[in-house]
Amino acid sequence: MQPQSGTLGSNVSLPRRAWAIRRNALLMGAVQGQGYIGQALGAADLLAVSYFHAMNYRADDPEWEGRDRFYLSIGHYAIALYAALIEAGILPEDEIETYGMDESRMPMSGMAAYTPGMEITGGSLGHGLGIAVGAALGLKRKENPAFVYNLLSDGELGEGSTWEAVMSAVQWKLDNLIAVVDFNNQQADGPSRDALAVGADAPKWAAFGWYAQEVDGNDLDAVTTAFDNARNHPEAKPRVIICNTKMCKGIPFLEEREKTHFIRVEADEWEKALALLDEDKPL
Amino acid sequence: MTIPAMSRRQSKYTPRSVPVSETGEKLTTSAMIASLDAEGRDTIAAPFGHALVDLAKTRADIVGLSADLSKYTDLHIFAQAHPDRFYQMGMAEAVLMSAAAGMAREGFTPFATTYAVFAARRAYDFIAMAIAEENLPVKIVCALPGLTTGYGPSHQATEDLAIMRGMPNLTVVDPCDAVEIDQATRAIAATDGPVYMRLLRGQVPNVLGEYGYKFELGKAKVIRDGTDVLFISSGFMTMRCLDAAMVLAKDGVSCAVLHSPTIKPLDAETIIAEAGKGGRLVVTAENHSITGGLGEAVAGALMRSGTFTDFRQIALPDEFLDAGALPTLHDQYGISVGSIIDRVKEWMDGK
């Protein structure tokens, strides 16, 4: 029997899910007054598709053997994943106020030992895809039909270890591995395209032997189609979806900022951002 | 096929007490870019960046390279002053080190910066074979040494000194404050061979100025004398020891502070001479794991020379540390001024 999606039968729309993820992230950002809120707002749509369209899981049993694995290499996106895990019912909403506090289960960088639903310890970039290769091999060995998703960032593509994993996944024909690249063209020192020769991204992955798609990562319909294609593609190849996203998507006055990798937001601006979001609440 | 599910570390995974944020007792996580808490002290901005800019005026061979962390290692100051001499290598620490080696081969003196975890853990083989084995003058300068971020083990370089001490040819420096970072930057630029230097960045406390201290590569110096306890310390733990010594003096415990910023080669001569005076409890203090850092280096030097003394170590535990606010973590792991005072009193009482 096919494993059931944790949200099958839900009538909550994907735009509403993405909206809720953005809202949870803003509420957490307000707790700390700063952080990787730009990434969370940018990745909210691809996370909504992952958790409320594509993935199978059980909210009350985050270690259920049949679940699709979601590996977050980019530990600083923890705020984004917590926001999705809260919306998915894996983390309780009332812990939002503990985000990043001493003894919280939601530290600023994602770590497996702290948080239900956080599969791996990220933060040191260039590890996630390699671990995903091993998990995908293990699932195949167990004849478990689950997928392994790995969310990477464009900056992380600079790490050589990522490309070792890219080649390994092809070698092992890992058709149960779906890499999702959040391409927002922002890393710590500035635009990713100014740091390493990042470009021709889908053709590059395809040349390595991956089934590669590139989409507007803030277009829910396009992302949904890409996830469906990735899951259903017939060839025995690993799959990558390059999602071009906009940092701070959905909050125009934050989108306009030049430096968005790690932002400070004044106390009144959090309220302003939440008010802007609430004005545009989808059905 | 039945394969048992992975046994996950459960210590933090189980629900924890919900912090009472409204009381203000719980502190927010000190973020990666936060400076070391200066506790109201005078601070100096970006001492490494400014020293390097100054040096570069007369040293055409100096170049700067970073792996997407120039802003977070104060190298952006150099990049702004000398854009043509700054190389953004991207998020790629292996090629950062290999390329620095290549530039050194062509006669340049590269300063390569990243976080201490990424140099020590990820790039170790590249530093060893491309740089140290050839004894090339690459200066590796790394932010977030030891426990200087509340961000968790991915960014806490609690074992970098142990790792780097193991590398032949490499000089290892752990400076205390802004004054020393400025002086040490000039000193490592002037020395031949590869260097690993720990860096405090941003607004860095100015502590040693008032003691008339002058950094010399390979030298440990007595900053404060005392009769009951001899602290041997490096990095910002020297400022913590000086603060603790002032409080302990009021309680009748007289503490000397021997600052040993060069971890390798260790100034064994001075350390043996000071410890060998006898009558003092020797306490090493370091912002590093208890394994393989200053404390064990000092213990080894004393044992090898036949200098036997009461000996204690203040250091981080041999564990992956928690995430949280830095002041909380410094108390929790025993490297705050308060915990130094408590432990010294305990040891003196039990003596």
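Colleague: Which residue stands opposite Asp216(A) in strand 6 of chain A?

Modeller: Asn244(A) is the one opposite Asp216(A). Strand 6 of chain A covers residues 239-244 and runs parallel to strand 5 of chain A, with six bridges joining the two. Helices (H or I, at least four residues) and strands (E, at least two) are DSSP runs, numbered from the N terminus.

Colleague: What should I know about the model and the numbering?

Modeller: It is a predicted model: local features need pLDDT of at least 70, side-chain atom pairs count only at pLDDT 80 or more, and totals for chains, interfaces and linings use all residues. Residues are numbered from 1 along each chain as its sequence is written, while chains are lettered from A and ligands numbered from 1 in the order in which they are written.

Colleague: Back to chain A. What is the strand order in the open sheet of five strands?

Modeller: The order is 2-3-4-6-5, with parallel pairing; two strands pair if DSSP finds at least two bridges between them. Strand 2 and strand 5 (211-216) of chain A are the edges, each pairing on one side only. On average, neighbouring strands of this sheet are turned by 20° against each other, direction ignored.

Colleague: Which strands does helix 6 of chain A lie across?

Modeller: Helix 6 of chain A (residues 201-208) lies across strand 4 (177-183), strand 5 and strand 6 of chain A, and runs at about 165° to strand 5 of chain A. Axes here are lines fitted to C-alpha atoms, for helices over the stretch in contact, and angles run from 0 to 180 degrees between N-to-C directions. Contact is taken as C-beta atoms, placed from the backbone, within 7 Å.

Colleague: How many residues of helix 3 of chain A are buried?

Modeller: 10 of its 10 residues, so helix 3 (residues 78-87) of chain A is mostly covered. Buried means 20 or more other C-beta atoms within 10 Å of the residue's own, exposed means 12 or fewer, and partly exposed is in between; the C-beta atoms are placed from the backbone. Among the buried ones are Tyr82(A), Leu85(A) and Glu87(A).

Colleague: What do they pack against?

Modeller: The buried residues of helix 3 of chain A pack against helix 1 (14-32), strand 1 (34-35), helix 2 (37-54) and strand 2 (69-72) of chain A. Just after helix 3 of chain A, Gly89(A) takes a positive phi of about 85°.

Colleague: At what angle do helix 4 and helix 5 of chain A pack?

Modeller: About 25°, with the axes 8 Å apart; helix 5 of chain A is residues 160-171. The two helices are therefore roughly parallel to each other. Angles under 35 degrees count as roughly parallel, over 145 as roughly antiparallel, 65 to 115 as roughly perpendicular and the rest as oblique.

Colleague: Which residues meet there?

Modeller: Leu129(A), Gly130(A) and Val133(A) in helix 4 of chain A meet a set in helix 5 of chain A that includes Ser161(A), Glu164(A) and Ala169(A). By class, the contact has five nonpolar, four polar and one charged residues. Ala, Val, Leu, Ile, Met, Phe, Trp, Tyr, Cys and Pro count as nonpolar, Asp, Glu, Lys and Arg as charged, and the others, Gly among them, as polar.

Colleague: Where does Gly134(A) sit?

Modeller: Gly134(A) is in helix 4 (residues 128-141) of chain A. Gly134(A) is partly exposed, with 13 other C-beta atoms within 10 Å.

Colleague: Chain B now. How many helices and strands?

Modeller: Chain B has 12 helices and 14 strands, and 53% of its 351 residues count as buried. An open sheet of seven strands in chain B has the order 3-2-4-5-7-6-12, with mixed pairing. Its edge strands are strand 3 (86-88) and strand 12 (262-264) of chain B.

Colleague: In what sense do strand 6 and strand 12 of chain B pair?

Modeller: Antiparallel, over two bridges; strand 6 of chain B is residues 171-173. Val173(B) has Thr262(B) in strand 12 of chain B as its bridge partner.

Colleague: Which residues does the cis peptide bond join?

Modeller: Lys264(B) and Pro265(B), with omega about -5°. Pro265(B) is in the loop between strand 12 and helix 9 (268-275) of chain B.

Colleague: And Ala46(B), buried or exposed?

Modeller: Ala46(B) counts as buried, with 22 C-beta neighbours inside 10 Å. Ala46(B) has a positive phi of about 45° although it is not a glycine, and lies in the loop between strand 1 (43-45) and helix 1 of chain B. Asn169(B), also not a glycine, has a positive phi near 75°, but Asn169(B) is partly exposed, with 14 other C-beta atoms within 10 Å.

Technical notes
Contact = placed C-beta atoms within 7 Å.
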